[in-house]
Structures are given as structure tokens and as C-alpha cells.
Amino acid sequence: MTELIMKSQKRIALIAHDQKKDEMVAWCMKHKEELGKHFLCGTGTTSKLISDATELPVKAYKSGPLGGDQQIGARIAEGQIDMMIFFWDPLEAQPHDPDIKALLRIAVVYDIPVATNSATADFIITSQYMNCDYTHETQEYKFAAAQKTETEPEINSILRSER
């Protein structure tokens, strides 16, 4: 296990699909005071809409379909994003569905809080951990990857002999 510390000033990614952008902006307006205490970032249009509505600074990455989801995922993997509020549309297929799945997977791998709807986002933003340092342990996946690499030649040899 690896111990991770989120500082009291959180780094929050804000992402919303087209049909959820208005909901995200309304949620950010409702929680403007709390969000103003933290570092915000988001994908393309979403970050601009939030910044325009709330007058809070929001670092903009590319639009999701143009690589923004992958940029956010990379920042999570680098330990530069502490939590993610991602209002996605479960009823609408997205051209970048594989990127979305990868982003959600990387958030789980790095054990960051994720809200995919306003109710969960409300619980996170009002959490007792929101404005203090938070220490937690997360699974160390390097060991599992190294173990897999060590056994691959053996597995491949077995598979070849069974042919």
C-alpha cells in the first residue's frame, strides 16, 4: 500500500458532457464559495462555461473528444488532481467512449474521489475532509504489473505447448 496525502486546498477536475453542462454550471454556482477555496481545472467548453458563470479561475484542458479526458487522466496519474466531478451522460453514446472509460479507470486506480452526478458531488463537496489534509492508503499496482510481466514468458510457453 502507498500512503497518499491530499492537501487542504484540493485540485478538482470538472468535466461535463454536452447534455450535462447546464447541470454542472448550476452545481458550480451552488457551491461557488467552496470551490473558490480550491484549484479548479476542466475540459474545453465546460471549464469556460464554469469560469464565465462563477468568475472563478478554471484551468482549461482540451475538449474531451480532442484529448482533454486523456490530459486529465495523465494529471491524475501524476498526482496533480485530487478529485473529479464528472457529469457524464449515460444515455448518450460518445465518440470518445474509450477515453471516458480510461479516465474513470485511472481515477479508480489512483483512488481519488469521483462524483458522476450532483448528489454524489454534493456529498463530496460538503465532506469533513474537503478543507483539511487527508491521508489515505492506495493499492500499489506496480507490484501487480511487475508480477504479471515475470509470469508472461511462462504463460506464453504453456500456451504454445498446448497448440
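Contact, as the word is used in these legends, means heavy atoms within 4.5 Å. The model is predicted, so local features need pLDDT of at least 70 and side-chain atom pairs count only at pLDDT 80 or more, whereas totals for chains, interfaces and linings use all residues. Residues are numbered from 1 along each chain as its sequence is written, and side-chain values use heavy atoms, with hydrogens and water left out.

**View 1. D82 and the residues that it touches.** Not counting residues up to four places away in sequence, D82 touches M6, Q9, K10, R11, I112 and P113. D82 lies in the loop between α4 (68-77) and β5; helices (H or I, at least four residues) and strands (E, at least two) are DSSP runs, numbered from the N terminus. D82 counts as buried because its relative accessibility is 5%, where buried means under 20% relative accessible area, exposed over 50% and partly exposed in between (1.4 Å probe, protein chains only).

**View 2. Strand β3 between its parallel partners, β2 and β4.** Strand β3 (residues 39-43) has 4 of its 5 residues buried, so it is largely enclosed by the rest of the structure. Strand β2 (residues 11-16) runs parallel to β3 and is joined to it by 4 bridges, with I12 having L40 as its bridge partner in β3; two strands pair if DSSP finds at least two bridges between them. Strand β4 (residues 58-61) is likewise parallel to β3 and joined to it by 4 bridges, and here T43 stands opposite Y61 of β4. Together with helix α3 (residues 44-54), β3 and β4 make a right-handed β-α-β unit, a crossover being right-handed if, with the strands pointing away from the viewer, the path from the first strand over the helix to the second runs clockwise.

**View 3. The buried residues of helix α6.** Within α6 (residues 118-125), the residues A121, I124 and I125 are buried. They cover an arc of only 90° around the axis, which puts them on the same side of α6; the arc is that of the directions from the helix axis to the C-beta atoms. Among the elements that cover the buried residues of α6 are α1 (21-30), α2 (32-35), β5 (83-87) and β6 (114-115). At the start of α6, a side-chain oxygen of N117 comes within 3.3 Å of the backbone nitrogen of A119.

**View 4. D99 in helix α5.** The helix that holds D99 spans residues 97-109. Although D99 and D69 are 30 residues apart along the chain, their C-alpha atoms are separated by 6.3 Å. Leaving aside residues up to four places away in sequence, D99 touches G64, D69 and Q70.

Terms used. A polar contact is a pair of N or O atoms within 3.5 Å; within protein, one must be able to donate a hydrogen and the other to accept it, and residues adjacent in sequence count only if both atoms are side-chain atoms.
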